Amino acid sequence: MTETNDSTFFAMKLLEFEDAEDPLLAMIQWMTNQMMELEVEQKCNASKGTHEKERQAYRSGYRPRRFDTRLGTLYMLVPKLRNGGYVPFFVTEKKRSEQALINVIQEAWTNGVSTRKIDRLAKAIGIEGISATQVSNITGELDSQVTEFRNRPREEEYPVLWVDALYEKIRDDGKVINAAVLVVRAVDLHGVVHMIAVEPMYGESEASYSQLFDKLRERGLQKVWLVVSDAHPGLQAAIRKCFLGASWQRCKVHFMRNILAHVGQKAKEDFARQLKQIWQQPDKQHAISYARAIEAEYGDTFPQAIECLMGGLEDSLQFYDYPLLDSRKIASNNGTERANAEIRRRSRVVGVFPSAGSYLRLLVCYLMEYEDDNQSNRCYLKAEAIEEQRRLRHAA
């Protein structure tokens with residue numbers, strides 16, 4: 001049979017969309033209608049209005065439904081079936097973080113945030129109008145997934161943990177407060193990254209950090225080789241207390257920022273370039289020697305910066321004790337920072353969250369997607385290198 005490549009129909013459709021207020025949204029509206037009709041035909045095993053012996057279901061009209069997307073709000077006529085019901089596949093596969101972001105807006109509306117602010121917030125992500133009845137439809141499903149994700153059993157041993165905190169403005173009892181959520185990222189013995197803890201905190205202290213780590217131990221975690229974080233005293237104390245035998249690696253990126261805070265703007269770029277060389281040396285002894293050379297050269301020029309450098313140098317070099325693991329990935333919190341940047345990109349449009357629960361919901365929903373992506377991509381660290389490093393660790 002001869003195949004044809006007649007695009008006349010689509011060319012005419014495109015001309016129809018030119019006059020639409022939002023051509024892209026209009027095209028998506030038309031495409032979703034076509035996809036629903038095709039999907040229902042497959043479910044019925046028959047075309048609309050035809051008599052087929054193989055028919056498996058019957059249509060029963062349409063129901064109007066609103067569908068909020070990142071491109072804007074669609075108003076659809078969803079086909080109804082007499083037996084079994086029908087939900088379009090692109091609705092059931094909607095991303096969790098997108099649902100969570102919509103839910104933040106809805107919850108803000110139900111919690112009394114002014115209509116003017118809500119309208120601005122809704123328009124920022126292309127959603128028309130807010131209905132209070134939609135809140136329970138999304139929240140129930142998301143909350144159950146969030147709870148399950150945060151309480152999953154953990155493996156007994158992880159080579160590396162990265163610990164970092166996110167801060168957002170949250171409305172609490174009529175006041176706007178700064179609240180922290182601690183995120184713990186880990187790599188398992190197979191080299192795959194997991195988000196193993198997400199815990200809200202109203203104060204950073206040894207007690208709050210210890211409580212977080214105790215919860216992880218209750219969920220199965222027993223052994224950690226290396227914990228990477230900033231130099232918060234309470235966090236350091238909790239790591240020493242809860243993970244006996246683990247090394248603490250001071251994040252080299254946070255450490256550099258602390259040092260450069262004592263350097264003038266004109267000299268900052270050149271000084272930073274030399275600082276980076278410390279953590280690029282082949283081993284710990286060369287790194288210490290290079291740091292001492294910087295101390296000798298800049299001790300009089302930047303005394304506070306050099307004092308900060310030498311005071312925290314040893315803690316920033318712990319990754320050298322794990323030579324088989326990729327030092328670029330275990331010496332800093334950069335991987336977690338990239339995930340945090342994506343979270344902030346989503347939370348920036350909200351500004352002030354209506355409740356701690358709404359922020360936690362958005363955060364965890366994104367982290368679930370982040371972990372799903374990591375599971376499908378190549379390993380973060382090589383499993384063979386981890387196994388060999390583990391063997392050497394046990395033999396020592």
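## Helix α2 and its two sides

In this predicted model, the face of helix α2 that points away from its buried side carries two exposed residues, Leu38 and Gln42. What lies on the buried side? Leu25, Thr32, Met36, Glu39, Val40 and Cys44 are the buried residues of α2. Looking down the axis of α2, you would find these buried residues within an arc of 125 degrees, so they line one face of the helix.

Helix α2 runs over residues 23-44, which makes 22 residues. From its first C-alpha to its last it reaches 32 Å, close to the 32 Å expected at 1.5 Å a residue. Just after α2 comes Asn45, with a positive phi of about 60 degrees.

Side chains of opposite charge can pair when their charged atoms come close.

Is Arg59 buried or exposed? Arg59 has a relative accessible area of 17%, so it is buried, the cut-off being under 20%. Glu37, at 22% relative accessibility, counts as partly exposed.

## Salt bridges within a helix

In helix α7 (residues 206-218), Asp214 and Arg217 are three residues apart, about one turn of the helix. Their side chains meet in a salt bridge of 3.9 Å, N to O. Asp214 is partly exposed at 34% relative accessibility, and Arg217 is partly exposed at 34% as well.

Helix α16 (residues 383-395) holds Glu388 and Arg391, which are separated by about one helical turn because they are three residues apart. Their closest N and O atoms are 2.5 Å apart in a salt bridge. Glu388 is partly exposed at 32%, and Arg391 is partly exposed at 46%. Salt bridges can also form a network, as they do in linking Arg150, Glu199 and Lys215.

Now to helix α12 (residues 303-312), where Ala305, Ile306, Cys308, Leu309 and Gly312 are buried. These residues cover an arc of only 160 degrees around the axis, so they are on the same side of α12. On the other side, Gln304, Glu307 and Gly311 are exposed.

Which elements do the buried residues of α12 pack against? Their partners are β7 (247-250), α9 (252-260), α10 (265-276) and α11 (284-298).

Note on methods
Residues numbered from 1 in each chain as written. Predicted model: local features only at pLDDT ≥ 70, side-chain atom pairs only at ≥ 80, totals over all residues. Heavy atoms only, no water. Buried < 20%, exposed > 50% of the residue type's maximum accessible area, 1.4 Å probe, protein only. Helix = DSSP H or I, 4+ residues; strand = E, 2+ residues; numbered from the N terminus. Arc of directions from axis to C-beta. Contact = heavy atoms within 4.5 Å. Expected span 1.5 Å × (residues − 1). Salt bridge = Lys/Arg side-chain N within 4 Å of Asp/Glu carboxyl O.
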